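Thank you all for making time this morning. I would like to walk you through one model, so please have the sequence and the coordinates open as I speak.

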Amino acid sequence: MTTSAIADARERIASHLIGREHELELTLAAVAAGRDIVLEGPPGTSKTTMLKAIAEEWGIPLMFVEGNADLTPAKLVGHHNPARVLREDYSADNFVAGPLVEAMQQGGFLYIEEFNRAPEDTLNTLLAAMADRSIAVPRVGIIQAQPTFRVIASMNPYDSVGTTRLSTSVHDRLNRLAIGYQDEEAERGIVALRSQVSGDLGQQLIADAAAVTRATRRHPDVRQGSSVRGAIDCVLVAEQLAGLRGVLSHEDQGYQPLVYDAMVVALSGRIHLDEAAETTPERVLREIWEDHFILEPAAAAPG
Ligand SMILES: Nc1ncnc2c1ncn2[C@@H]1O[C@H](COP(=O)(O)OP(=O)(O)OP(=O)(O)O)[C@@H](O)[C@H]1O
Ligand SMILES: [Mg+2]
């Protein structure tokens, strides 16, 4: 693909994304260079959104795989249909391709979320396929990858439970892009786009939900705060509460308590406290709410 074709693709993809110009450019460059990459960032930081947009733009199939302890090499590669094997014996014909083989044959992107949760032998199978661009499947033969086949992995840097410590040999075979949270303006834009609320009340809810969600990431007792998904849900829940309680404006008395209630529903399960912290998600949210509305009310004004 020519540089100008890639530049055109970048413009078109950017029009479906809020922000992320830099991350998009770097990911596109790696993929256009024929390389595999791991996107490393906390939840909700546009990894899937960006990749879907790239795959769509190029008309390339995207195969999703969740990395976890159950992702055996056989699940990734594929298996022979046992009923047919009994009747017909093993053959290439009764092989059911797994996502890796499918992506190789169709020239798709194999997108492995939570890559570092996959067992080591699965990672090794994948590394061999990436290095050789082909894979030997017993009783099927050698499967060659189409030129557009790519492996895109994602992982959460805060993740420590149930993860494989990736060896240097894994890291040495992948490019890497570290992705952080969006800035506040972009998060407001994402929340507005996904929640579709409108009016003055809606605008204020979007600004408040984005601000308090961002504050969960800075709180000293929190190991990992909420992603933008929490802010989206906070707005949606708050909008329903406003209807139920007859709250029409952010100047109504009931507005601030309503935001707190929506925060508890949308955010309490999405914040992960430090092991040593002697508090609860509700208490942390209360502090954030008080800071936002009582200590720094100026910061609550929509911008
Ligand atoms: N740049 C963006 N433009 C528009 N919507 C976005 C953007 N980033 C995220 N979103 C929205 O936010 C939500 C989470 O984004 P996404 O699924 O891309 O995150 P992710 O990085 O893949 O997270 P995870 O690590 O949890 O899989 C989705 O609903 C998505 O539509
Ligand atoms: Mg994702």
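Let me begin with a definition: a residue is called buried under 20% relative accessible area, exposed over 50% and partly exposed in between, with a 1.4 Å probe and protein chains only. What we are looking at is a predicted model, in which local features need pLDDT of at least 70 and side-chain atom pairs count only at pLDDT 80 or more, while totals for chains, interfaces and linings use all residues. Residues are numbered from 1 along each chain as its sequence is written, chains are lettered from A and ligands numbered from 1 in the order in which they are written, and side-chain values use heavy atoms, with hydrogens and water left out.

With that scale in hand, Arg133 counts as partly exposed because its relative accessibility is 23%. Arg133 sits in the loop between α7 (120-132) and β6 (134-137), where helices (H or I, at least four residues) and strands (E, at least two) are DSSP runs, numbered from the N terminus. Its phi is positive, about 55 degrees, although Arg133 is not a glycine. How exposed is Arg139? At 54% relative accessibility, Arg139 counts as exposed.

Now to the overall picture. The protein has 13 helices and eleven strands, its C-alpha trace spans about 75 × 50 × 40 Å along the principal axes, and 46% of its 303 residues count as buried. In helix α6 (residues 99-106), the buried residues are Pro99, Leu100, Val101, Ala103 and Met104, and just after α6 comes Gly107, with a positive phi of about 65 degrees.

Let me turn to ligand 1. Of the 17 residues around ligand 1, which come nearest? They are Gly44, Ser46, Lys47, Thr48 and Thr49, a residue being near a molecule if one of its heavy atoms lies within 4 Å of it. By class, this shell has six nonpolar, six polar and five charged residues, and α3 (47-58), α9 (184-195) and α11 (228-245) each supply at least two residues of it.

As for individual atom pairs, a nitrogen atom of ligand 1 lies 2.9 Å from a backbone N or O atom of Ile18. An oxygen atom of ligand 1 is 3.0 Å from a polar backbone atom of Thr45, and an oxygen atom of ligand 1 is 2.8 Å from an N or O atom in the side chain of Arg194. The protein covers 84% of the 620 Å² of accessible area that ligand 1 has on its own, where accessible areas come from the Shrake-Rupley method with a 1.4 Å probe.

Phe95, in strand β4 (residues 95-97), is buried, with a relative accessible area of 15%, and its C-alpha lies 47 Å from that of Thr213, 118 residues apart in sequence. Leu248, by contrast, is exposed at 71% relative accessible area and lies in the loop between α11 and α12 (255-267). The C-alpha atoms of Leu248 and Leu71 are separated by 49 Å, with the two residues 177 apart along the chain.

Notes: Polar contact = N/O pair within 3.5 Å; in protein donor to acceptor, adjacent residues only side chain to side chain. Nonpolar A, V, L, I, M, F, W, Y, C, P; charged D, E, K, R; others polar.
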